[in-house]
Amino acid sequence: MAVPSQLKAIQHHLRTAQEHEKRDPVVAYYCRLYAMQTGMKLDSKSPECRKFLVKLMDQLETMKKELSDNESITQEIVGNAHIENYALKMFLYADNEDRSGRFHKNMIKSFYTASLLLDVLTVFGELSEENIQHRKYARWKATYIHNCLKNGETPQAGPIGMEGEAYAEESEGGGPSQTPQFPPGSQPSFHGGAVDPGPGSVSPSNFNNIQVPPGSHAPANTPAEIPPPAGDPGKPVPAPRSVPVVDPSLLNTNQEGDVRLTPEDFTRAQKYCKYAGSALQYEDVATAVQNLQKALKLLTTGKE
């Protein structure tokens, strides 16, 4: 069923859902949930939109039954971590390719899909400021690299605007940058899909006012500098990770006095543990320790 023109803003999230139908049903489910919630806000009154959204709701109900034994569907905290992990892995893949100067359709699609999945994260609540920046950077990079390749130009590898400079390069040459529309037949593909910055995209010229410190475009739980491949002495090797400091007061794991934990406390503690697990997937010890300390403090003192 074709997406009504009034709901054009959700067509790429639905396409991402279709692409992940078999590869990762959890991603497909939450992409459709985001599309349904956003579609209801856009237009739930016109007959064609109402018919489309009802069909989407039925599809979601069917998926929910099929995935009823999947914790990522039954527990929001687990689902949140699943989508965030997937988005950041995709971001990191594209960022590695970008920094290595390997520009191709798959990395463009990965940047853009990461930005779509960060949209999807809003079904769990407001995005962190960090993920808002990740989303902007990923969408901007997809647009910038696509435009360069389309015009036969070589994109600038890695983050533009290091040392806190704004992303102003795109405005060079006079006039504001245009967001590409990727006409049919020229769309970059990734696993059979397509990338199109589309209606929700941001023109690179809009990034002139965004100040991004070095490395902050990358996920918090990834190194700001990617280790160079063997035999490439021209690039700096990142410094070894420092061992995080553990709060001495947390070494005693006994509860202080008569601590009564609420259901909300248990939920928050679970969340911190999930975030710690997410950080460890990216070998970010400091973030993992920080979140585990928060969970431990909450469980032993009842306070954050």
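**A buried aspartate and its partners**

Asp119 has a relative accessibility of 7% and therefore counts as buried, a word used for residues under 20% relative accessible area, with exposed meaning over 50% and partly exposed in between (1.4 Å probe, protein chains only). The model is predicted, so local features need pLDDT of at least 70 and side-chain atom pairs count only at pLDDT 80 or more, while totals for chains, interfaces and linings use all residues. Residues are numbered from 1 along each chain as its sequence is written, and side-chain values use heavy atoms, with hydrogens and water left out.

Asp119 lies in helix H6, residues 105-120, where helices are DSSP runs (H or I, at least four residues) numbered from the N terminus. Its side chain forms a salt bridge with that of Arg135 (2.8 Å, N to O), a salt bridge being a side-chain nitrogen of Lys or Arg within 4 Å of a carboxyl oxygen of Asp or Glu. Arg135 is partly exposed, with a relative accessible area of 21%, and a network of salt bridges links Asp119, Arg135 and Arg139.

The structure holds 8 salt bridges. Among them is the one between Arg268 and Asp265, whose closest N and O atoms are 2.6 Å apart; because these residues are 3 residues apart in helix H8 (residues 263-281), about one helical turn separates them. Asp265 is buried at 7% relative accessible area, whereas Arg268, at 32%, is partly exposed.

Methods:
Helix = DSSP H or I, 4+ residues; strand = E, 2+ residues; numbered from the N terminus.
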